[in-house]
Amino acid sequence: MNFIDGIKDRARKEMKTIVLPEASDLRVVTAAATVLKEAYANVVLVGNEENIRKMAEENNLDISKAIIVDPLKSERASVYAENLYELRKRVEEIVALAHN
């Protein structure tokens, strides 16, 4: 077993979830399909569900086991916005501290 296969095997045992926010990019959808096919993580794709599914179908990629979240249509949009605000605010605080 090579190094990468060992990492994948460990990942399968722990079965974490990967959230991929750039799901409008074919490379991201391709990577998601690979992860799902090899079954070493759950996948959440963030973006327009219709566009993501169309891209996957056009490129013969199976993402049927992925969860797709469209933040613009989600019931949790305000929660996502608040979390993003808090994360960015924290980054600004860290940058300000670094300059002092």
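The points below take up the basis of the model, the sheet, the surface patch, the salt bridges and one tyrosine.

1. Basis. This is a predicted model, in which local features need pLDDT of at least 70 and side-chain atom pairs count only at pLDDT 80 or more, whereas totals for chains, interfaces and linings use all residues. Residues are numbered from 1 along each chain as its sequence is written, and side-chain values use heavy atoms, with hydrogens and water left out.

2. Three strands make up an open sheet with parallel pairing, in the order 1-2-3. Strands (E, at least two residues) and helices (H or I, at least four residues) are DSSP runs, numbered from the N terminus; two strands pair if DSSP finds at least two bridges between them. Strand 1 (17-20) and strand 3 (67-69) are at the edges and have a single partner strand each, so one side of each lacks a neighbour in the sheet. From one strand to the next, the twist averages 20 degrees.

3. Three bridges join strand 2 (residues 42-46) to strand 3 in the parallel sense. Val44 has Ile67 of strand 3 as its bridge partner. Helix 2 (residues 26-38) packs on the sheet, where it touches strand 1 and strand 2, and its direction makes about 160 degrees with that of strand 2. Axes here are lines fitted to C-alpha atoms, for helices over the stretch in contact, and angles run from 0 to 180 degrees between N-to-C directions; contact means heavy atoms within 4.5 Å.

4. Nonpolar patch. Phe3, Ile4 and Ile7 make a nonpolar surface patch of about 320 Å². Patches consist of residues with over 30% relative accessible area and no salt bridge, nonpolar side chains (Val, Leu, Ile, Met, Phe, Trp, Tyr) being joined within 5 Å and like charges within 9 Å. Accessible areas come from the Shrake-Rupley method with a 1.4 Å probe, and for residues only the protein chains shown count as cover. Phe3 belongs to helix 1 (residues 3-14) and counts as exposed at 65% relative accessibility. The classes are buried (under 20% relative accessible area), exposed (over 50%) and partly exposed (in between), again with a 1.4 Å probe and protein chains only.

5. The whole structure contains four salt bridges, each defined as a side-chain nitrogen of Lys or Arg within 4 Å of a carboxyl oxygen of Asp or Glu. One of them joins Glu38 to Lys8, with the closest N and O atoms 2.8 Å apart. This pair links distant parts of the chain, Glu38 being in helix 2 and Lys8 in helix 1, 30 residues apart. Glu38 is partly exposed, at 28% relative accessible area.

6. Salt bridges within helices. Asp9 pairs with Lys13 in a salt bridge whose closest N and O atoms are 3.5 Å apart. Both residues lie in helix 1, four residues apart, about one turn of the helix. Asp9 is partly exposed at 28%, whereas Lys13 is exposed at 66%. In helix 3 (residues 49-58), Glu49 and Arg53 are likewise four residues apart, about one turn of the helix, and the closest N and O atoms of their salt bridge are 3.0 Å apart. Glu49 is partly exposed at 36%, as is Arg53 at 34%.

7. Tyr80. Where does Tyr80 lie? Its place is in helix 4 (residues 77-99). Tyr80 is partly exposed, at 30% relative accessibility. With residues up to four places away in sequence not counted, Tyr80 touches Val69, Pro71 and Ser74.
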